[in-house]
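Biologist: Hello! Could you show me the model you have been working on, so that we can go through it together?

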Amino acid sequence: MSGNLNNTPLGYGWIAILLHWTMALAIFAMFGLGLYMVELTYYDAWYKGSLDLHKSAGILIALLWLTRVCWRLLNPTPKPLSEKPLENKAAHIAHLGLYTVMVALFISGYLISTADGLAITVFGLFDVPATLTGNEQADLAGEIHEWLAWSLIALATLHGLAALKHHFIDKDKTLVRMVRPESGSN
């Protein structure tokens, strides 16, 4: 993996690229697991296992999100390739939307998972303690979590379509620079 680890004003570095694609894959996998889980009944063999996996992965994705936000704050954001101010503003708002919906998903998932007063055990490695409890909380948080999950998938799909538009219609390097760093962009 040669090239820049850090972002430059011209493009993203390997760390930002890996964080981006790892989060993208994890989010779509979690969405698929969530769709599968809601079809299970209490007596299905994988009911508890899927819940534990979803909770543990959710905590790890939240930590990955935090890492990504810190990395974004510590590195320059490459300048937009579009010269259309409205398009750049829309992209900025969409990114803020993605980050905001993700953090709201983490919070609602935490509230669902800890409503019974039990900590979330993350793959047997550590526990995240329950702070707020109550069944009413779980019901409301569950509804919100579902709406947020669908919203995140819709925003992520829009984000992907915008990247494809940049690549195939605008013929700029917006998508390419999220696949690999530009060589010699130091």
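Modeller: Here are some questions and answers on this structure.

Modeller: Please keep in mind that this is a predicted model, in which local features need pLDDT of at least 70, side-chain atom pairs count only at pLDDT 80 or more, and totals for chains, interfaces and linings use all residues. Residues are numbered from 1 along each chain as its sequence is written, and side-chain values use heavy atoms, with hydrogens and water left out.

Biologist: Thanks! In what order do the elements of the protein run from the N terminus on?

Modeller: Helices (H or I, at least four residues) and strands (E, at least two) are DSSP runs, numbered from the N terminus. The protein has 4 helices and 2 strands. Read from the N terminus, their order is α-α-α-β-β-α.

Biologist: Which residues have the most contacts inside the largest nonpolar core?

Modeller: A nonpolar core is a set of buried Ala, Val, Leu, Ile, Met, Phe, Trp, Tyr and Cys residues joined through side-chain atoms within 4.5 Å. Buried means under 20% relative accessible area, exposed over 50%, and partly exposed in between (1.4 Å probe, protein chains only). The largest core holds 18 residues, and those with the most contacts inside it are M23, I27, M102, L105 and L152.

Biologist: Which helices each supply at least two residues of this core?

Modeller: L152 is one place to look: leaving aside neighbours within four places in sequence, L152 is in contact (heavy atoms within 4.5 Å) with I27, L98, V101, M102 and L105. The helices that each supply at least two residues of the core are α1, α2 (47–74), α3 (85–113) and α4.

Biologist: Are α3 and α4 roughly parallel or roughly antiparallel to each other?

Modeller: Axes are lines fitted to C-alpha atoms, for helices over the stretch in contact, and angles run from 0 to 180 degrees between N-to-C directions. Angles under 35 degrees count as roughly parallel, over 145 as roughly antiparallel, 65 to 115 as roughly perpendicular and the rest as oblique. The axes of α3 and α4 come within 8 Å and cross at roughly 150°, so these helices are roughly antiparallel.

Biologist: And which residues of α2 and α3 make the contact between them?

Modeller: α2 and α3 pack at about 150° with their axes 10 Å apart, and are therefore roughly antiparallel. From α2 come K55, G58, I61, A62, W65, R68, V69 and R72, and from α3 Y99, M102, V103, F106 and S113.

Biologist: How many residues apart in sequence are the parts that the pair of F31 and W150 ties together?

Modeller: Rings of Phe, Tyr and Trp (its six-membered ring) pair if their centres lie within 6.5 Å; planes under 30 degrees apart count as stacked, over 60 as edge-to-face and the rest as tilted. F31 and W150 form an edge-to-face pair, at 4.8 Å centre to centre with 85° between the planes. Because F31 lies in helix α1 (residues 14–37) and W150 in helix α4 (residues 135–170), the pair joins parts that are 119 residues apart.

Biologist: Is F31 buried or exposed?

Modeller: W150 is partly exposed at 44% relative accessibility. F31, with a relative accessible area of 15%, is buried.

Biologist: Lastly, which residues does F126 touch, not counting those up to four places away in sequence?

Modeller: F126 is found in strand β2 (residues 126–128) and counts as partly exposed, at 33% relative accessibility. The residues touched by F126 are I59, L63, I120 and T121.
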